[in-house]
Amino acid sequence: MVDFLQMLAELPEAVSESARSRERRNAEAQCLIAPPPAGTPLLVSLALAFEHTGIYLGGNRVAELNGDGHVKAVSLTRFINGTPDGTWQVRNGTRIFAACDVCTRRPLARARSLETARAAIEAGSNQMEYDFAQLNCHLFTAACVLGIPPGTRQFRSLFGGGVASIGKLERLLAKTLNHGKGICWCAVRRDKERFQYSLSSGKRIRLAVESVLK
C-alpha cells in the first residue's frame, strides 16, 4: 500500500480529473459509435464525479474488478447497472463508453488486454485487496492493457503506488494504445445482438422525466 500522505496529496487532482473526464464524455454522449471489438476498455459513470472501467470481452460481457476484490465476467447490463437488485445504484450512468482515438473515434482494442482479462477471470477465485482510491478498477484496466497479471507486486505499483485515477488511466491508454495521441470516451450504440444491455427501472424513469423537463 502507498503512503497515506501521498494518497491525500493526489486525491484532489484525481477528483478534478474525473470531473473533467465526465464533462468531455457528456458533451458528445449522443454521438454514438458502433459496438467495439473485444479487448476495448469500457467505462460507465458512477455517482458524484467518478467512473467504473473494465475490458470488453465480446459477446455482451465485460471483465471488471469488483468491489469484493474478485475479477469477474459480467453482462453489459450488470456492468452499467451494478447490483442486480437495484439497491443504492452507485453506477448512475445511462451510457456505456469505449476508449477511442480522439480524432477518428476508432475503438482502441488490444489482444493483450483481452488475454490478460480472461486469465484474470480464470484465476478469479484468488481474492485480491480492493481499495477505491488505489487498488481499483482503473488499476485493473491499466494492468490488462499492459499484460500485467492483477494481484501481483507489479500490479500494485503500476501507478507508482498513488491514486489510480481516470486521468492516469487515460494517459496510459493514450501512450500504450494510441501512440501517444489523445483518447476520448465514445458512447457505444446499443445493438440487438452485438452490444445489448438493459437499463434499470430507476434509470428508465429518470430518463423519461428528464425528456419531459427538457
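I count a charge as sitting over a ring if NZ of Lys or CZ of Arg is within 6 Å of the ring centre and within 35 degrees of the ring normal. On that basis I looked up R25, whose charged end sits over the ring of F97 at 5.7 Å from its centre, and R190, which lies over the face of Y197 at 4.8 Å from the ring centre.

The model is a predicted one, in which local features need pLDDT of at least 70 and side-chain atom pairs count only at pLDDT 80 or more, while totals for chains, interfaces and linings use all residues. Residues are numbered from 1 along each chain as its sequence is written, and side-chain values use heavy atoms, with hydrogens and water left out.

I next searched the whole structure for aromatic pairs and found three (rings of Phe, Tyr and Trp, the last by its six-membered ring, with centres within 6.5 Å; planes under 30 degrees apart are stacked, over 60 edge-to-face, the rest tilted). F50 and F132 form one that is edge-to-face, at 5.4 Å centre to centre and 80 degrees between the planes. F50 lies in the loop between strand 1 and strand 2 and F132 in the loop between helix 3 and helix 4, so the pair ties together parts 82 residues apart in sequence (helices, H or I of at least four residues, and strands, E of at least two, are DSSP runs numbered from the N terminus).

I then noted that the ring centres of F195 and Y197 are 6.2 Å apart with planes at 85 degrees, so this pair is edge-to-face, and that Y56, F195 and Y197 form one aromatic cluster.
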